[in-house]
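Dear colleague,

Please find the structure below, followed by my notes on what was found in it.

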Amino acid sequence: MQQDPADAARPAGIDGSDLKGPFAVGEYAEALRAQLRGFARVQVFGEVSSLGIRANAVYFELRDARGALPCAMWRDDYDRSGVELANGAQVVLAGGCDYYPGSATSSPSFSFRATGLELAGEGELLAQIERLRRRLAEDGLAGDGRPQWLLDRPTLPRSIGVVTGEGGKARDDVLAGLRRRGWAGRLVWGFAPVQDRRAAPAIARAVQDLAALAEVDVIVVARGGGSVMDLMAFSDETLCRTIALLPVPVIASVGHHTDRTLIDDVAALSCSTPTHAAESAVRIDCAQARTSLLGAARRLDRCGRRAVVDRARRLSALARAPAQHVARQRSWLHQKLRELRASGGRQLAAREQTTGRHLVVLGRKVAATTRDRDRAEARLRAAPADLERSARTSLVRRRRELGRLHATLLAHDPERTLERGYALVEDADGQIVTSAAAARAAARVSVRFHDDRVGARIDDR
């Protein structure tokens, strides 16, 4: 009978030990895998974190308040479930324990091999973050209600403070962004852990220390990507309130494009990458600005030199011929003087002619006034006789008119009518009775003759 090579290479066990073995590692790993796969298949639920989707499998962790479980799922099973996983999602998994024994060149691993997947609602972690986000907005520390001084950032800061991990890639990205801007100011580092339960207090102390430096104009908080659990430190309420109340604007760059933490809501600006944050801190391209400023300075220098040369030539021309210039000015003044004298003579002659015409017109007006005065005196001397004659004529005419009116009045006098035999009938109130019906209605009337009045009673009913 031939001996098994593995048995021939099996070493002796530990003296005094009552344990079985020793077994080869591969043998024990295979037995362990068989034992784990023999466990009952169950359903578990929890919150997804550290999600990684590969071409043939999906890897993630399922967590709750009491523990965590590494999980794996074949890509075919994941696609058949129709669920789009995301960090922080609450899910239910169906499956069982699995173990990869590893090899001489690969490490072993334990996982919960999932064959079924369903969403169970939003994770408690994301719900807590959303509640805190609403509370910060109600306090005016996030969203549009933030004070304006928190959002104001200098265009070209003299000194920039950066809070990040000391050995992280975000540090190199910030430096690359500042180099791309050509910025040559002072950079103050505030190194702090960016992933564990100690990270949030350390980051808060770092930003407070940087804000206490008078020369720091803006602060950048930077970290690379990660799961929701990895970025939880940047959703800490104390850290968010500290950043919201700092007197120095803070630029947040935490995670990748799709990651959103609470520090992004309270910061003056939220950027997708540390490089973008560095470029946003320095809002102008310093190299391009220097080039533009140098070009403007050169144009100003050329224009200044040209202006100086032009004025020097002008002064030189004036200095070479001052006598000619004075002679030209004297000739110009003489010409103006002659024109002034000639103009004055013409004006004087014109005024003399105008004055003569005015004297002639004035003499004519004096003569006409004298004639008018003589006529007025003659009319005044004849006025008394004309007035007396007019008064007599008017008096005769008025007397004649008065006699005519007196005759007309007598012709219409009722008394004259009564003298001819007529009478007036009046009622008790003195009103004229003009009909028989009115007389019957009055019963007693008064009959007026030209010499007296008599009473009468109407008996005809």
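A salt bridge here is a side-chain nitrogen of Lys or Arg within 4 Å of a carboxyl oxygen of Asp or Glu. This is a predicted model, in which local features need pLDDT of at least 70 and side-chain atom pairs count only at pLDDT 80 or more, whereas totals for chains, interfaces and linings use all residues. Residues are numbered from 1 along each chain as its sequence is written, and side-chain values use heavy atoms, with hydrogens and water left out.

Salt bridges

By that criterion, a search of the whole structure finds 19 salt bridges. One of them joins the side chains of R375 and D372, with an N to O distance of 3.1 Å. Both R375 and D372 belong to helix α12 (residues 322-411), where they are 3 residues apart, about one turn of the helix; helices (H or I, at least four residues) and strands (E, at least two) are DSSP runs, numbered from the N terminus. R375 counts as partly exposed because its relative accessibility is 46%, and D372, at 45%, is likewise partly exposed; in these notes buried means under 20% relative accessible area, exposed means over 50%, and partly exposed lies in between (1.4 Å probe, protein chains only).

What does the salt bridge between R186 and E215 tie together? The side chains of R186 and E215 meet at 2.9 Å, N to O. R186 lies in strand β7 (residues 186-191), while E215 lies in the loop between α7 (199-211) and β8 (218-223), so the pair ties together parts that are 29 residues apart in sequence. R186 is partly exposed at 47% relative accessibility, and E215 is partly exposed at 29%.

A further salt bridge links the side chains of D374 and R373, at 3.6 Å from N to O. D374 is partly exposed, with a relative accessible area of 38%, and R373 is partly exposed, with a relative accessible area of 48%.

Surface patches

Patches are made of residues with over 30% relative accessible area and no salt bridge, in which like charges are joined within 9 Å and nonpolar side chains (Val, Leu, Ile, Met, Phe, Trp, Tyr) within 5 Å. Accessible areas come from the Shrake-Rupley method with a 1.4 Å probe, and for residues only the protein chains shown count as cover. For charges, Lys and Arg count as positive and Asp and Glu as negative, with His and the chain ends not counted, and the place of a charge is taken as NZ of Lys, CZ of Arg, CG of Asp or CD of Glu.

On these terms, R298, R299, R302 and R306 form a positive surface patch. R306 sits in helix α11 (residues 286-320) and is partly exposed, since its relative accessibility is 48%. L293 also lies in helix α11, but L293 counts as exposed, at 62% relative accessibility. L293 and W74 are separated by 219 residues in sequence and by 61 Å in space, C-alpha to C-alpha.

A nonpolar surface patch of about 290 Å² is made by L359, L362 and V366. Of these residues, L362 is found in helix α12, and L362 is partly exposed with a relative accessible area of 49%.

Cysteines

How many disulfides are there, if a disulfide is a pair of cysteine sulfur atoms within 2.5 Å? The count by this rule comes to 0. For C240, the closest cysteine sulfur is that of C271, which at 16 Å is too far for a bond. C240 is buried, at 0% relative accessibility, whereas C303 is partly exposed, at 44%.

Two single residues

S50, which lies in strand β1 (residues 42-53), has a positive phi of about 55° although it is not a glycine. The relative accessible area of S50 is 33%, so S50 is partly exposed.

G255 lies in the loop between β9 (250-254) and α9 (262-266), and G255 is buried, with a relative accessible area of 4%. G255 and L231 are 24 residues apart along the chain, and their C-alpha atoms are separated by 7.5 Å.

Methods. A disulfide is a pair of cysteine sulfur atoms within 2.5 Å.
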